[in-house]
Amino acid sequence: MSTPTVTVDRERLTRAVESANMPTLVAVLHQLTGDRTWLTDPHRPTRSRGMDDNDSGGFAPDVAERIRAAAVDAIEAWVNGRPVAIPAPSGEQLIEMISAAVGEPVPPEFAEMIAEDMGFAVPAPREVRPSHLSVIVIGAGVSGMLASIRLSEAGIDHVVLEKNSDVGGGWFENTYPGAGVDTPSHLYSYSFAPRAWTSHFGKRDEVWQYLADVADEHDLRSRIRFDTEVSTAEYDADRQAWTVRTAAGEVLTADVVITATGQLNRPKVPPIPGLADFAGPIFHTAQWPADLDLTGKRVAIVGSGASAMQVLPAIASTVAHATVFQRSPQWVAPSDVYFEPIVDDVNYLMELVPLYRLWYRARLAWNFNDRVHPSLQKDPEWDNPAVSINAMNDAHRRVFTRYLEKELDGRPDLIEKALPDYPPFGKRMLLDNGWYAALRRDNVTLVPEAVASIDAHHVRGAHGTVAEVDVVILATGFETHKLLTPIDVRGRSGRSIREAWGEEDAHAYLGVTVPDYPNLFITCGPGTVLGHGGSYITIAECQVRYILDVLATMAERDLGAVEVKADVERDYVARHDDAHARMIWTHEGMDNWYRNDAGRVVSTLPWRIVDYWQMTRSADLDDFVVEPRRG
């Protein structure tokens, strides 16, 4: 890390350090000075509880003041020219540092991934010689934007086709009140594009603005054709190329197609009897009317998952009454900073000392990513598998139950309705963004029933509860299992990928590539959604890195086609399914959007992120049938 060319304002710096996350500060202090004192008691922070920030580090006031004073001195000395004592920690040294920062042992296999994410070990860029390759990217959301950035850096000719009028994918489409991330802002961002976030968990407008700013910085809009929806993609084996047709009838060709259509981009509207008969506004959360005014309205929310949990607190004070129809309750985790802004002092510190931002992000990555993965493995000897699957998972259940009971104290009726009867993490964990407080309001009713029917003015629950309402909000999720829908994708044999997969049973090697579909690469493909926490952007970076490695090899070897071998994909899918069979999402009686109707987990990644990072670090062309380029 280079020394900044600024003059430090010690008073400003001291004030900023007062607002710092203490475990992060300890890691920065050790790296700047090399003094091992800061890795030993009493300077080692405590372990974070759950997913909180642990800002205090558990330090006694006098110890905290000693750390802050030393940090101010060390940062000022660095700004004034003293070099970083440990410029690029790696291996055991890095593991010791991150373990101290998070207050618990971090396995050694994480060292390479952490070092690369923090920029301490930057792999040499893969040189791509001038190439014949042309690429069509379908979608300009998180993955499509990333693909375009990396393709441009590699000098590969490409175009991005986007059905919307601007970048951002789901963040462009979802404008409902309360929309935002449930992953920390500093983690839900590209590793190469930090931002001075205003809140710990970004709301929709700031997240979309972040993506728009990245698009501007990389001139992405010049390579994107907006308002262009793809209807078909067909591979021509003789020409070793794809023909892509748009909904408007335009025909484009390219050697390679990269899909970036995501899994949360096609609203799922259940076939509720009477849906079309409702007299007032009725819409999916992803299709929120721009001119909607809910003031004084009686509103029904159908569903109680992530979108509903964000919508209700945002509208509860405006509507006359909100009735939430809950098919099944959700586990909700507390967060000590969910509602807190990121103050100017912290952003000043992150800008002045990039190491602080890097260590803060590294701690978030550990707390929100693979840390929880061991607790999601079924213990076959566990005594009470109905409510938990192992000792650690049961401890989580007790913690989350106590939190629910505290938040709903005095309302035994709500506790009974809101307490899940399945193990924690059986569905994606949600963070409390005011959900419990909203449920307690006099103008909110929680109905623990699925919706049975709708008529012109009423929503009727499966057990007979009837709500007279003016507006119906469908928080009913997305068609997550129908990947690439509605695009008709046909491979070498002419067979539609829908036939190859079945209606809801998608599978792919690494979630990226499928036999019989040469030169087709999928981002956010089957089995790559993060169920155990963390940022999908991390997975997108893994996938795009892998795809670009394949394309670089195609250019080097003058290849015209690469197609993953059928046995390679079969082996991967078998290992994927076997891993899931031992995990919580296949728990008996579990109902979640990760599984299809047959019970197979289609959506979720079974591996730790560090494992998938390693799997996708480079492509082995022995996994593919390859063809020299013709002509």
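Me: Is Asp 516 buried or exposed?

Reply: Start with the cut-offs: buried means under 20% relative accessible area, exposed over 50%, and partly exposed in between, using a 1.4 Å probe and protein chains only. Asp 516 has a relative accessible area of 14%, so Asp 516 is buried. This is a predicted model, where local features need pLDDT of at least 70, side-chain atom pairs count only at pLDDT 80 or more, and totals for chains, interfaces and linings use all residues. Residues are numbered from 1 along each chain as its sequence is written, and side-chain values use heavy atoms, with hydrogens and water left out.

Me: What is the phi of Asp 516, and where is Asp 516 found?

Reply: Phi is positive, about 80°, although Asp 516 is not a glycine. The residue sits in the loop between α15 (497–501) and β19 (520–522). Helices here are DSSP runs of H or I with at least four residues; strands are runs of E with at least two; numbering goes from the N terminus.

Me: Which phi does Leu 484 have?

Reply: Leu 484 is not a glycine, yet its phi is positive, about 70°. Leu 484 lies in the loop between β17 and β18. Its relative accessibility is 4%, so Leu 484 counts as buried.

Me: What kind of peptide bond joins Thr 485 and Pro 486?

Reply: Read omega. For Thr 485 and Pro 486 omega is about 5°, and the bond is cis. Pro 486 is in the loop between β17 (471–474) and β18 (488–490).

Me: What about the bond from Asp 41 to Pro 42?

Reply: That peptide bond is cis, with omega near 10°. Pro 42 belongs to the loop between α2 (22–33) and α3 (61–79).
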